[in-house]
Structures are given as C-alpha cells and as structure tokens.
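Please read this briefing alongside the sequence and the model, which are shown just below.

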Amino acid sequence: MPPETNAPLLRISALTKRFGGFTALDNVSVDIRPGERFGLIGPNGSGKTTLINCISGAFRTEAGTVVFRDEDITRLPPHVRTRRGIARSFQIPRPFKSMTVAENLMVALDFASGTGDFVPAAQRRDTLMSILTRMGLESKADVSATKLSQVELRKMELARAMATHPKLLISDEAMAGLSSSEVDEVLDLLMSLADQDITIIMIEHIMQAVMRFSDRMMCLDAGRIIAIGTPAEVMANQRVQEAYLGT
Amino acid sequence: MSRNSLFFWIGAIFFLVAALLMTQVIGNEYPFFACYVILQFIVLSVSWSILGGYAGYVNFGTSAFFGMGVYTAVFLFKVAGAPLAVQIAAAAAVGALMGFALGLLTLRMQGIFFSIATIALTIVIETSITNWRYVGGAAGIQMQRPPVIAPFNSYVQMLFFVQALLVVLAIGTSRYIQNSWMGHGLQALKDDELAAECTGVPTLRLKLLACVISGALMCAAGAPAAMYLQYADPSSAFNLNYSVTVLAMSLIGGTAHWAGPVVGAILLGTTQQLLTVTISSEINLLVLGVMLVLFVVAAPEGIIGLIRRVRPKRNEGEG
C-alpha cells in the first residue's frame, strides 16, 4: 500500500445527492489514494452507482465537493473529467453500436487525449492495437460492437476506458453475469492495470472477486458509509453483515 | 489529398462545368426552373443530415431556416438592393446565428423534445414575419429581378448555377464532417450520448456546431428562392412541406453517409417534378408519404443502407 503521506488522488467531501425526496447519497466523504485498489460494495440501491455517476459527472450533486488531483471538479461536465483522467465502464455495457471495436476505441483516442496534436493514423492504430492486445480483443478489432459476447463487451468497455489514458478507472460491475472463469479473466485484467499505476475503484457484487482485488473496501447502505477499511475488517463489521443478510 | 478526395473534387468540378455548359446550350427556361428545385432540395437534405443524420437530432425546423433565408434576401433587397451573393452570405450568417440560438435553447433536450421545439420555432418565426409589414406581411411581397449578369442569358439560369454552387458547398462540407473527428464524435453521441460524454466527447459543443453549420447552409439555400419565384409570402416560405419533404429525402436516401441525402433528394425531387408536370402537384405529397412508409418498413437505413447490405463488405473497418 502506498505511504499515508501521499495526497489523495480523489477527495470526496460531504457529497449529497437527492432524487426528489429520496436521498441517494447522504453526506459521503472518502479519500482515494494514488495507486490504490478500492472496492465499493453495498446492497442493491445503496448508492454505489450514484456515487460513481457523481464522480464521473453524469449527475449534478446537491452538496459537497469532488476534488481530483488537487482540482475541484464538482461542476465540470463529464467529458472534461474524462480528459482530466477519470474513466469508467458502465454496469450495463454501452458500446457505440454503429462502430467496430477499433472505432469505439478511436473515439477515446480522438477526444480524450486532449493534446490536440496530430498523431498519424498508423501510430494511433498501433496504440489502439496494443490496448486491444492487452485486453485479449486483438482478433475482434474490426468486428462490429453488436457482434460481441457479454464478456467481450465488458472487456471492450474497459479497453475504451483505457484508451482515454486514465489515472483513475471506475469499473461498475464489470463482472456481473459472467461465468466464474470469465470473472477470473476480467479480474486478472484489472489487476494488471492496477500494476501500471492506475488507481481503480471497483464496484462488485461478487464478494470473492472484490475481496481478492481490493487494498481497501467501503460499504454503502441507504446512501451512507457504514464501514471502511481492509477487506477483512469490512466483512467482519456487524453492520455490513446486517445490511447484506438482514437482521 | 487521398484518392477518394481527388475523385470527389474532380466529380464536383465536372458537375459545375456541366451545369454551366447547360446554361449556355439549352435555350428553354423550363429545365432550369425544374432542376433548380431539385438542387435546392439536395442542399436542404444534405445540410439537414449534418444534425439530423450524423447526430440523430431530428429537426422539424427546416422550413424555419429556409423561410428565414428567403426573408433575409427579401429584406436586404428591399432595404439596399443588395446583390444575390450578399443576400446568400447574409442568409448563411443569419442561419448560423439561428442555429446557435436554437441549439443553446433546445439541444439539452433529447429525442422527441428537441423535435417538438423545432416545430415551435417555425411557427414563432412565421407568425413574426406575417406581422411584419415592411417585408409584405401576410399578403407577401413582389420582387423585381435585377438585370442578369453575363455569361447567363436569363435570371433563372443564373439562379440554377448559383444553387449548383451551393450543392457543391453543402456536400463538400458534409463529406468533410463525416470523415473528420467531428463526424466520429457525432456518430458516437448518436449511438449513446452518456457513453460518448464519458469517453471525452464534448457532446453539447459538437451538437451546437452541427446545428450552426446545418442552419447556415439551409438558410443559404433559401435565399435565392425569393428571386426564383419573384414573390415571397410567409405561408409558402415557412411551409411545413419543406420540413417533411427534406426529412423524407434524407431518410429514404439514408443518413449514415453524405451521399444518402443526395440520392434521396435526386430520386424524390425528380419524381415530384415529373408528377407535377404529368398529373398534378397535389399528388406529390401522397407519393412522398407512400415512399416514406415503404422505406421505413423495407429499408430503414435508406438506399445507402440497402446498397451496403447487398454489396459484400470490403476492407471492413478501414478508412
């Protein structure tokens, strides 16, 4: 684990999000350290996806701030946050359906690098292929995104997120609905990404996977943090067990 | 310049030369009168597709932009006797501003809400012009054509050539957009707006840009219409038929490629002109409706989609 003295990569302070009268996130504060593998768990409807929608900018928040690399990004639109280095995958994959896998990644290369420098087509193709190779999708580069299997779609979402050159990658249930061998495959992929200096927040229902993956875990229930600590600490917590098993 | 671009621009120059030659060789005015309308619809459909096709934001406000083009020309001509080129350039500027304003107000709405807002725009502008006495109000206004400029023999022939220039401008713009980063961004946001945004695509800015370009071209296409008819009135300049016809032409041709609206406009425009001469102008809309239904059912991706499906895909994913 990185030393405690490091400034946080992402600092969420007193974040509150309401939908009408329903409070989805209630005064949530948490720091994510650089290089950390952070697991986010909680029962259905506890606010996990809402939290990452607030981090990635899809939702506006009522109160609180999101600070990323010492910059307040609370009011920035999603595409600017992506360019700053926050990438995400979606719980239900959202590929660009009219494009091939390679073209899906090309959108990220075209728009998210943000340097504005002209990069020759051949070089961009190389970058793209190296990402696809790392994800085990190199044979699918020129296949339409609609022709992919579930696990391939998950990998393509991660590949597209990687093509934005993120510092923070948020994986929203990238393993839901996969077979156990596929879960291992995706888990290994995420592990290898974490080894390359990318901080990862993983939302997951598959407890075994998230416990194996995380340095630190946080459990949400009804929009509040009920436990945060090492995986073992969180799982031993009385309130976490109640939230999952009922009282 | 790639080989494709080279062929494209050679084709464009060939087209313009042919149009110019026609005006020198054919003495009868009628072919120009008819072809002008087809060319006008090509410009309108191609420009409509920049927002409606590439971005998937269905704009029912074509008539608003077209009508504003007509009335920009009318106003400038009445106030200062401005020449045709100035009328068209000013109309393009007005269209760009209008597109910007419309976009700012409505592009945060998605899908059907955007479309409804564009219909409202047409009605608001038409009502304003109807109540503006200076440009003729509800009764309309007569336009006296100035003397024709050499080498053209008649004003209609000149308008025909001007509209041909606008066709090349519109298609060139649309083709450039399709192949550029802007086209890729629009395609991404058409597929999935949130995913595009989270992949770094500035969706609102791209949609605004598309709306501005599309609006400018549609307005420019309308500017010569006042001189073409030598008359302008609000109910025909802002006629909803323009919106419907242009939508039908784009959808029937196919909106995923710049050539789609061109094919659609030529096909439908020619059919309409032939029907107007041989049967009656009323049957136009019936034919339009029937063709639209047929295509929506049988070929939802238009003629371009049909061609792509029939022809085996070569070098898929490249270029």
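This is a predicted model: local features need pLDDT of at least 70, side-chain atom pairs count only at pLDDT 80 or more; totals for chains, interfaces and linings use all residues.

**Chain A as a whole**

- Chain A contains nine helices and 10 strands, and its C-alpha atoms fill a box of roughly 55 × 40 × 40 Å when taken along the principal axes.
- Of the 247 residues in chain A, 45% are buried.

**Where chain B touches chain A**

- On one side of the contact stand 17 residues of chain B, and on the other 25 residues of chain A.
- Helices α7 (181-191) and α8 (193-197) of chain B each supply at least two residues of the side of chain B that touches chain A, and the largest share of that side, six residues, comes from α7(B).
- By residue type, the side of chain B that touches chain A divides into seven nonpolar, six polar and four charged residues.

**Helices of chain B**

- Helix α6 of chain B, residues 155-179, has 25 residues and reaches 36 Å from its first C-alpha to its last, close to the 36 Å expected at 1.5 Å a residue.
- Because 18 of the 25 residues of α6(B) are buried, this helix is largely enclosed by the rest of the structure.
- Helix α12 (residues 240-253) and helix α15 (residues 302-310), both of chain B, pack with their axes 3 Å apart and at an angle of about 0 degrees, which makes α12(B) roughly parallel to α15(B).
- In this pairing, B:Leu251, B:Ile252 and B:Gly253 of α12(B) meet B:Gly302, B:Ile303 and B:Ile304 of α15(B), and the residues of the contact divide into four nonpolar, two polar and no charged.

**The surroundings of B:Gly69**

- B:Gly69 lies in helix α3 of chain B, which covers residues 62-80, and B:Gly69 counts as buried because it has 32 C-beta neighbours inside 10 Å, where 20 or more are required.
- Leaving aside neighbours within four places in sequence, B:Gly69 is in contact with B:Ala91, B:Gly95, B:Cys219, B:Ala220, B:Ala221, B:Gly222 and B:Ala223.
- B:Phe32 stands 37 residues from B:Gly69 along the chain, and the C-alpha atoms of these two residues are separated by 21 Å.

Notes:
Residues are numbered from 1 along each chain as its sequence is written. Chains are lettered from A and ligands numbered from 1 in the order in which they are written. Helices (H or I, at least four residues) and strands (E, at least two) are DSSP runs, numbered from the N terminus. A residue is buried if 20 or more other C-beta atoms lie within 10 Å of its own, exposed if 12 or fewer, and partly exposed in between; C-beta atoms are placed from the backbone. Two residues are in contact if their C-beta atoms, placed from the backbone, lie within 7 Å. Ala, Val, Leu, Ile, Met, Phe, Trp, Tyr, Cys and Pro count as nonpolar, Asp, Glu, Lys and Arg as charged, and the others, Gly among them, as polar. The expected span of a helix is 1.5 Å times one less than its number of residues. Axes are lines fitted to C-alpha atoms, for helices over the stretch in contact, and angles run from 0 to 180 degrees between N-to-C directions. Angles under 35 degrees count as roughly parallel, over 145 as roughly antiparallel, 65 to 115 as roughly perpendicular and the rest as oblique.
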